Amino acid sequence: MRPVFYLYSTDGADITGTLMERTTRLTVVDAEGLASDSLEVELDDRGQSVQLPAVGDKVRLLLGYMEQSTIPTIGDFIVDEVRLSGPPLSIAFSAKGADLVNTALKAPLIDDGDDRTLADLARRIAEKHRLTAHIHPDAERIELGHIDQQTESDMALLTRLARARDWTLRLDADRLILRPHASALPPGREAADWTPPLHRIDARRITRYDYTTNARHRYGKVRAWSYDPDTGRRYPIEVGDGEHADAPTLDLRHDAKTEDDARAAAEARLRQLRRASGSLTLELPGDTRLLAGHHVLVTGLSEPVGGQWVIQRAEHTLDAQGLRTRIECVPPAAPGRAQEDLIESILEEVD
């Protein structure tokens with residue numbers, strides 16, 4: 001299998017040119033959440049014949065193998081830095097998946113918001129900054145009440161509100177994406193709207209794995225508090241399955257306005273704690289289908305390594321050693337019956 005990449009400007013022009021034969025290293029990182037995707041390309045320019053994109057140019061990356069009928073599209077990027085060094089003369093440029101430098105999204109604002117739901121707020125912010133809103137339908141049911149935006153940027157405000165519900169805010173080129181964390185989204189055999197794909201990874205494909213677990217985030221329950229201004233009393237709301245009877249209970253510091261808000265905050269924090277209790281890193285030959293937010297099913301290894309995981313960060317590197325992939329994974333939420341049936345059907349398949 002021969003690795004190959006293509007770079008196009010967003011108007012469709014092929015700018016790969018001499019970059020293909022001059023590239024010494026190409027690295028692309030895809031991360032869950034607001035951490036912007038990145039592209040780094042290093043080139044040997046001793047003949048001074050490389051034509052580089054300029055800072056601010058938009059490029060589209062395709063990365064895979066020559067033998068594939070369709071080379072996977074990794075994403076769109078905006079060039080933000082060009083570097084030259086020598087001797088011998090070498091050139092490198094980096095690009096980001098979203099323009100977070102020259103954007104008003106990060107400017108502090110004072111605003112009195114009356115958006116009824118999280119979806120309303122996300123749509124208003126997207127429209128203000130000329131972005132296309134791509135919002136999970138459940139955001140329509142997350143009510144906000146009155147919000148005072150005091151010297152807080154639109155990006156910081158939306159990030160804070162999303163994190164409180166264990167949702168993910170993501171900027172992808174000109175799209176503003178708001179959805180639950182990928183670990184809470186049930187996967188399918190194929191990628192669909194709000195359905196991440198589930199990839200099977202057999203132990204024979206893995207060149208290295210590292211599993212880490214810790215006790216710092218092992219809480220059995222999370223307790224939130226709702227405050228009743230009429231009585232001046234605080235009411236506790238506990239969530240957790242009580243599976244670990246000896247595990248401590250985590251108390252949230254900030255009171256919620258309603259019991260529903262308190263329960264949602266406690267459930268979100270419990271999911272975050274469970275993801276932080278363990279992590280898995282896999283290295284394998286290049287597979288650019290594996291992207292942040294996708295689910296993987298590791299087979300051929302015993303638990304806790306074997307089983308279902310969610311990709312938090314994917315890194316694909318092309319250099320003299322070939323194309324390699326490294327993924328960092330976190331545990332998923334508890335699977336439902338439909339998800340268990342999907343996993344069972346995949347396990348029954350013959351390689």
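Leu118 touches Ala139, Ile142, Leu144, Leu158, Leu161 and Leu178, with residues up to four places away in sequence not counted; contact here means heavy atoms within 4.5 Å. The model is predicted, so local features need pLDDT of at least 70 and side-chain atom pairs pLDDT 80 or more, while totals for chains, interfaces and linings use all residues. Residues are numbered from 1 along each chain as its sequence is written, and side-chain values use heavy atoms, without hydrogens or water.

Leu118 belongs to the largest nonpolar core, which has 23 residues. Such a core is a set of buried Ala, Val, Leu, Ile, Met, Phe, Trp, Tyr and Cys residues joined through side-chain atoms within 4.5 Å. Buried means under 20% relative accessible area (1.4 Å probe, protein chains only). Leu118, Leu121, Leu158, Leu161, Leu176 and Leu178 touch the most other members. Helices H2 (118–128) and H3 (154–164) and strands E10 (167–172) and E11 (175–180) each supply at least two residues of this core. Helices (H or I, at least four residues) and strands (E, at least two) are DSSP runs, numbered from the N terminus. H2 gives the most, with six residues.

An automatic or database assignment sets the domain bounds. Among the domains are domain 1 (3–97) and domain 2 (103–180). Their C-alpha centres lie 31 Å apart. Between them about 650 Å² is buried, 40% of it from carbon and sulfur atoms. This is accessible area (1.4 Å probe) lost on putting two parts together, summed over both. Glu32, Gly33 and Leu34 supply 62% of the area that domain 1 buries against domain 2.

Notes:
Buried < 20%, exposed > 50% of the residue type's maximum accessible area, 1.4 Å probe, protein only.
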